[in-house]
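Please load the model and follow along.

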Amino acid sequence: MSGLYEMLIKGIKETLYMTLWSTALAYALGLPLGVILVATDRGGLRPMRGLNAALGIIINIARSIPFLILLIAVIPLTRAIVGRMVGSTATIVPLTLSAAPFIARLVESSLKEVDAGVVQAARSMGASPMQIICKVLLPEARPSLLLGAAIAITTILGYSAMAGIVGGGGLGDIAIRYGYYRYQRDTMLITVALLVLIVQAFQEVGARAAKRIDRRI
Amino acid sequence: MPEIILQTRGLSKRFATGDPVLEDVDLDITAGEIFGLIGKSGAGKSTLARCVNFLERPSSGDVLFEGKPLSSLAPRDLYKARRSMGMIFQQFNLLMQRSVLGNVLFPMEIAHWKKSKAVARAKELLDLVKLSDKENAYPATLSGGQRQRVAIARAMALSPRVLLCDEATSALDPETTRGILALLRDINQRLGVTIIVITHEMLVIESICTRVAILDNSHVAEIGPVREVFTHPKTEAARALVQSDGRAERLLRLIESNGLTVEEVLSRVGIV
Ligand SMILES: Nc1ncnc2c1ncn2[C@@H]1O[C@H](COP(=O)(O)OP(=O)(O)OP(=O)(O)O)[C@@H](O)[C@H]1O
Ligand SMILES: [Mg+2]
């Protein structure tokens with residue numbers, strides 16, 4: 001029993017490790033991409049039709065690749081970056097790559113909610129496009145961005161469980177090894193319940209924080 | 001010879017989607033005046049306002065601010081020029097995630113002011129618009145009139161020479177409108193700021209403007225001193241404006257705008 005307990009604790013740690021690092025790295029890529037999508041759009045701060053269309057298409061293609069295929073397709077890249085092709089750290093590479101375009105779209109939709117009148121007011125005060133991004137769009141969209149982050153993190157957590165198939169570690173790995181391959185239903189159920197709890201926690205915390213920081217009553 | 005602070009020269013604007021919205025608009029705004037621009041909905045007033053500070057690039061023609069053509073300015077210089085032209089809007093357009101003080105600080109942050117200097121200036125401005133007690137409130141908790149006062153304080157932060165007001169009172173009730181108009185007049189008289197008032201309401205023009213231009217069918221139909229244009233309209237557009245604003249209704253609003261009721265006026269003239 002204590003073996004199971006330790007295994008679950010290790011699984012939780014691995015899952016959180018993969019999820020949080022992947023989310024952070026995916027935002028490092030996806031946030032600027034989302035900003036570029038909004039800024040270069042028609043009627044945006046710096047309309048650039050070609051760039052906007054090209055970026056949109058690339059993001060759509062990246063988003064339509066099934067995660068399992070991406071997981072295997074990027075193995076050479078993973079090996080080049082991490083030095084290994086299995087394990088939690090190795091899983092961060094495909095997780096990041098698959099989440100970044102999704103996050104770009106989340107960020108895009110959050111920034112588009114910002115009232116165009118407020119942007120116009122900032123322009124009338126002589127704000128540059130960069131200032132408008134940093135001082136108007138991102139801060140005004142903060143509650144919505146935070147809600148988006150809760151969606152992103154829970155989605156990435158779900159995908160991290162799939163990485164168990166290639167020995168990625170974490171709770172998903174345990175669920176597959178014990179529940180599916182060895183028919184230990186109890187272990188599998190406990191593991192799934194833990195995953196549900198973690199997802200709930202992230203979603204709840206994100207939603208509450210978004211509400212708390214929102215100043216629109 | 002009074003200084004001409006702002007000129008539009010042959011200003012035309014046509015959007016990709018259709019007919020020209022503005023055609024060959026020539027306006028000369030004198031420093032220190034309160035200039036009114038009136039016209040029906042869709043006449044192109046807001047478009048003209050946005051062209052004046054180049055938020056919208058004219059399709060042809062130019063805007064001269066203090067004699068400098070805005071079309072000749074590099075982006076950085078255009079941003080600088082805009083800081084000399086404040087703007088307020090019908091929907092206030094405040095930053096909803098910033099406090100009242102934060103909103104007034106915003107233009108000074110954009111202009112890279114030192115924090116302490118900016119805070120001192122912001123407090124001075126909140127005093128001017130009588131909102132000192134609300135500096136830590138957020139816009140969502142303010143009334144429309146209070147929001148517009150914040151917007152005015154924010155627009156005045158960088159000491160602009162011109163203040164563009166696009167339907168600044170159209171979302172407000174008559175009494176609040178009166179308060180905002182009084183504030184604008186005060187800013188004009190005490191600080192010498194040139195004000196351009198854009199509206200579809202004659203009463204607003206009558207209460208604070210010295211001159212008025214009527215925008216109709218993408219052209220300036222008529223321009224002149226307010227009394228002259230409103231009492232002796234020369235063009236069909238001006239006549240339509242004066243007439244469409246029913247006389248009885250105007251009389252009522254005039255009475256209201258002086259803080260009186262119909263009963264009071266009637267009893268004063270001895271009818272009741
Ligand atoms: N960005 C735009 N793209 C296309 N057409 C536009 C755009 N902005 C304004 N127009 C058109 O220009 C015309 C004038 O619009 P504008 O907003 O300047 O009118 P307005 O006089 O301010 O009206 P209102 O009193 O209703 O505010 C309208 O027919 C409008 O559809
Ligand atoms: Mg308008």
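At what angle do helix H7 of chain A and helix H3 of chain B pack, and how many Å apart are their axes?

## Where the two helices meet

In this predicted model, helix H7 (residues 129-140) of chain A packs against helix H3 (residues 100-110) of chain B at an angle of about 155 degrees. Their axes lie 12 Å apart. Angles over 145 degrees count as roughly antiparallel, so that is how H7(A) and H3(B) are placed relative to each other. The crossing of H7(A) and H3(B) is right-handed.

If you want to pick out the residues involved, H7(A) brings A:Gln131, A:Lys135 and A:Val136 to the contact, where they meet B:Phe106, B:Glu109 and B:Ile110 of H3(B). Sorted by class, the contact of H7(A) with H3(B) has 3 nonpolar, 1 polar and 2 charged residues.

## The sheet in chain B

Now turn to chain B, where 6 strands form an open sheet with mixed pairing. Their order is E6-E7-E8-E3-E9-E10. Strand E6 (85-89) and strand E10 (219-225) of chain B are the edge strands, each pairing on one side only. On average, neighbouring strands of this sheet are turned by 15 degrees against each other, direction ignored.

## A closer look at E3 and E8

Strands of a sheet pair through backbone hydrogen bonds, either parallel or antiparallel. Strand E3 (residues 34-39) and strand E8 (residues 194-199) of chain B run parallel, and 5 bridges join them. For a specific pair to display, take B:Ile38, whose bridge partner in E8(B) is B:Thr199.

Note on methods:
Residues numbered from 1 in each chain as written. Chains lettered and ligands numbered in written order. Predicted model: local features only at pLDDT ≥ 70, side-chain atom pairs only at ≥ 80, totals over all residues. Heavy atoms only, no water. Pairing = 2+ DSSP bridges. Helix = DSSP H or I, 4+ residues; strand = E, 2+ residues; numbered from the N terminus. Axes fitted to C-alpha atoms, helices over the stretch in contact; angles between N-to-C directions. Parallel < 35°, antiparallel > 145°, perpendicular 65-115°, else oblique. Left-handed = near helix turned anticlockwise from the far one by under 90°. Contact = heavy atoms within 4.5 Å. Nonpolar A, V, L, I, M, F, W, Y, C, P; charged D, E, K, R; others polar.
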